Amino acid sequence: MCIWTRTTGVRYKPRMSQPDMPPVAALQTNHSGHRMVLATDLDGTFLGGSDADRDALYDWLRQHSETVGLIFVTGRDPDFIGELCASGRIPWPSYVVGDVGTTIAEVTAAGEIRPIQALEEAIANLWQDRGPSVREKLHNHPGLTLQPTGFRYRVSYDMDPAHFDESAVQIVAELGADSLISDNRFFDVLPRNVSKGPSLIRLLNHLKVDPAKTLAAGDTLNDLSMLVAGTPAVAVGGAETALLDALPQAEHIYRATNIGAAGIIEAIRHFALHPVT
Ligand SMILES: [Mg+2]
């Protein structure tokens, strides 16, 4: 089985052929006792960098699963994440903020990614089933191709910047939703004021995790809201220039040199969030 990575366009080969289950240590806690929590984007961040750098980070996380919590904060949907982790190479997270912040879910012992209804209620209320009207208004819109994904509280398109007609932004605003362009090739339609950052903070509050011990990691503009949400944060090496330009200069926001997974390790050292050997 191979996994298609959204940003890099490379097929990601799992290391094991047998399905893997979430480690018990990752599931027995709500993270409040963890020394640190890594809240990371996937494509270009957690899945970015060399094979050796990725495996070094994944092995380190497995070795320290009792002191380091793991949350994926991604544009991907739960099905993709389940498939990715079941391959055995990527460690299971305990929680997922998926679908560009419109899904907030826990990971069960059986490897099911189960939405936390109490946290998603506000998101569902803001969305009000706008999916059909968004699809209708943006049908055949220049430069937009609907992604082949089952959406709940968002609609996402692949964007061709050479042909994109910016009137889509106004169309979405008139529908009472937010639009978000990232990596200059994805166009997401989201409930107003819902994105990765606010949903991560909602989850951390629910888990009673101190934001000061949470490292947020990302690489494109759809990570901006989480990198400025107030936790220690890192834009990994290889990040989109538009993200780096948009990020304020602040002590708690670190721009890593190393690419993808290695940039996460670099940031854990920089902020002294956890010993790294
Ligand atoms: Mg990314």
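What is the order of the strands in the open sheet of eight strands? The order is 7-6-5-4-3-12-13-14, and the pairing is mixed. Strand 7 (113-115) and strand 14 (253-259) stand at the edges with a single partner strand each, so one side of each has no neighbour in the sheet. On average, neighbouring strands of this sheet are turned by 25° against each other, direction ignored.

Before going further, a word on what you are looking at. This is a predicted model, in which local features need pLDDT of at least 70 and side-chain atom pairs count only at pLDDT 80 or more, while totals for chains, interfaces and linings use all residues. Residues are numbered from 1 along each chain as its sequence is written. Helices (H or I, at least four residues) and strands (E, at least two) are DSSP runs, numbered from the N terminus. Two strands pair if DSSP finds at least two bridges between them.

Confidence is given by pLDDT, the predictor's confidence in each residue, from 0 to 100. The mean pLDDT of the protein is 90, and 88% of its residues reach 70 or more. Residues 1-18 stay under 50, and residues 24-28 also stay under 50. Where pLDDT is low, the predicted coordinates should not be read in detail.

Strand 3 (residues 36-40) and strand 4 (residues 68-73) run parallel and are joined by five bridges; here Ala39 stands opposite Ile71 of strand 4. Helix 8 (residues 196-207) packs on the sheet and touches strand 3, strand 4, strand 5, strand 6 and strand 12, a contact being two C-beta atoms, placed from the backbone, within 7 Å. The direction of helix 8 makes about 155° with that of strand 5; axes are lines fitted to C-alpha atoms, for helices over the stretch in contact, and angles run from 0 to 180 degrees between N-to-C directions.

Now find the open sheet of four strands, with order 8-9-11-10 and antiparallel pairing. Strand 8 (144-146) and strand 10 (177-182) are at its edges, each with a single partner strand, so one side of each is left without a neighbour in the sheet. Strand 10 pairs with strand 11 (residues 186-191) over six bridges in the antiparallel sense, and the bridge partner of Ala177 in strand 11 is Pro191. Helix 7 (residues 167-174) packs on this sheet, touching strand 8, strand 10 and strand 11.

Next, look at helix 3 and helix 11, whose axes come within 7 Å and cross at roughly 45°. They are therefore oblique to each other (under 35 degrees is roughly parallel, over 145 roughly antiparallel, 65 to 115 roughly perpendicular, and the rest oblique). Asp53, Arg54 and Leu57 of helix 3 make the contact with residues of helix 11 that include Gly260, Ala261 and Ile264.

Finally, zoom in on Asn222, in the loop between strand 12 (214-218) and helix 9 (224-227). Why does Asn222 count as buried? Because Asn222 has 26 C-beta neighbours inside 10 Å; a residue is buried with 20 or more other C-beta atoms within 10 Å of its own, exposed with 12 or fewer, and partly exposed in between, with C-beta atoms placed from the backbone. Among the residues that Asn222 touches are Gly75, Asp188 and Lys196.

Technical notes. Lists of a residue's contacts leave out its neighbours within four places in sequence.
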